[in-house]
Amino acid sequence: MEILYEIQVDSGTRYRAIGDESLMLKLNDYCVVRKDFYLDYAKIARICREATPEDHTQEPQGPDKKTETPIIQRKATVVDQSKANENVARAKSAMRVAAQHVALLQLPMKLINAHYSFDGKLVTIQFSAEGRVDFRELVKQLSAALNTRIELHQIGVRDETAAIGGIAPCGRLLCCHSFLRDFASINVKMAKEQDLSLTPSTISGVCGRLKCCLKYEHEGYLEMEKTMPRRGDCCECQEGRGRIVDRNLLTQKVVVCLEDTNRNVTCSREEVRVVYPEKHKMPKKGAERRDDNGNGGNGNGKKAGNPK
């Protein structure tokens with residue numbers, strides 16, 4: 001039986017590979033993988049499920065045709081580990097060479113990391129840039145300098161942060177570096193619906209984009225918001241009548257500013273009843289209103305009746 005695995009190389013890049021059950025691979029085991037025309041050295045990041053015939057081909061990332069899914073050839077040995085450590089050292093040297101050529105060509109790009117394939121046939125370099133970069137000349141020069149095939153991959157700021165890693169404001173490892181693989185669509189509206197401060201330093205992550213964790217509990221906040229009164233609503237509580245000036249969705253409590261004393265009191269959601277006094281009501285369209293003397297009117301300062 002064949003098993004579908006998710007594996008990770010030393011640069012942080014992950015992809016799926018198929019391995020036979022007889023290899024008895026476990027999480028964090030290292031293995032040697034056949035991918036396209038070269039061998040790679042990777043770690044088992046996740047055991048997905050039993051492989052199906054459809055798993056042997058991968059969807060194309062661009063205009064190319066479908067490609068074969070990488071096959072795990074064997075579990076890594078001590079000799080394989082030693083060779084992989086040498087490749088890590090070679091990758092650092094390749095980064096220094098690449099940085100020199102980038103400076104000479106004055107390319108507006110930031111190099112992030114380099115990865116040597118296990119057999120040394122390919123060097124993959126990741127970089128970030130604000131726009132498109134013409135790196136064809138750089139590939140030619142690096143290929144001649146390193147005497148191997150070169151691939152340059154441009155990634156976004158979120159992928160860059162995921163590759164480098166770091167500590168989040170919550171004190172834990174960055175989600176994108178530890179377990180998060182797909183970046184969901186996040187917008188400022190999510191922060192508003194969670195009653196969060198819209199200060200950029202509060203809702204932005206290390207990468208400078210909106211925090212990925214804004215998505216985690218968004219649906220839960222929407223459910224809690226359905227039963228909570230809104231800011232500005234007129235209400236009644238044990239202390240009297242007032243207006244809601246603040247609320248906390250997690251604790252299900254609101255702050256009421258009393259009309260008579262202008263004092264703020266904190267109440268639970270169950271202790272507050274939203275009301276709309278006459279003076280706060282909006283007149284219905286076409287409805288007749290009365291002035292202070294009890295005379296009828298049509299809302300434009302004239303008495304109801306036939307206009308003269």
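Is Glu-160 buried or exposed? Glu-160 is buried, as its relative accessible area is 9%; buried means under 20%, exposed over 50%, and partly exposed in between, with a 1.4 Å probe and protein chains only.

Before I continue, please note that this is a predicted model, in which local features need pLDDT of at least 70, side-chain atom pairs count only at pLDDT 80 or more, and totals for chains, interfaces and linings use all residues. Residues are numbered from 1 along each chain as its sequence is written, and side-chain values use heavy atoms, with hydrogens and water left out.

I turn to the salt bridges. Glu-160 pairs with Lys-110 through their side chains, at 2.6 Å from N to O; a salt bridge requires a side-chain nitrogen of Lys or Arg within 4 Å of a carboxyl oxygen of Asp or Glu. Lys-110 is partly exposed, at 46% relative accessible area. By this rule, the model has 19 salt bridges. The pair of Glu-160 and Lys-110 links distant parts of the chain, helix α3 (residues 157-164) and strand β8, 50 residues apart. Helices (H or I, at least four residues) and strands (E, at least two) are DSSP runs, numbered from the N terminus.

A second salt bridge joins Asp-246 and Arg-231 at 3.0 Å, N to O. Asp-246 is in strand β12 (residues 240-248) and Arg-231 in the loop between α7 and β11 (234-237), so this pair ties together parts 15 residues apart in sequence. Both residues also belong to a network of salt bridges with Asp-195, Glu-225, Arg-230 and Arg-247.
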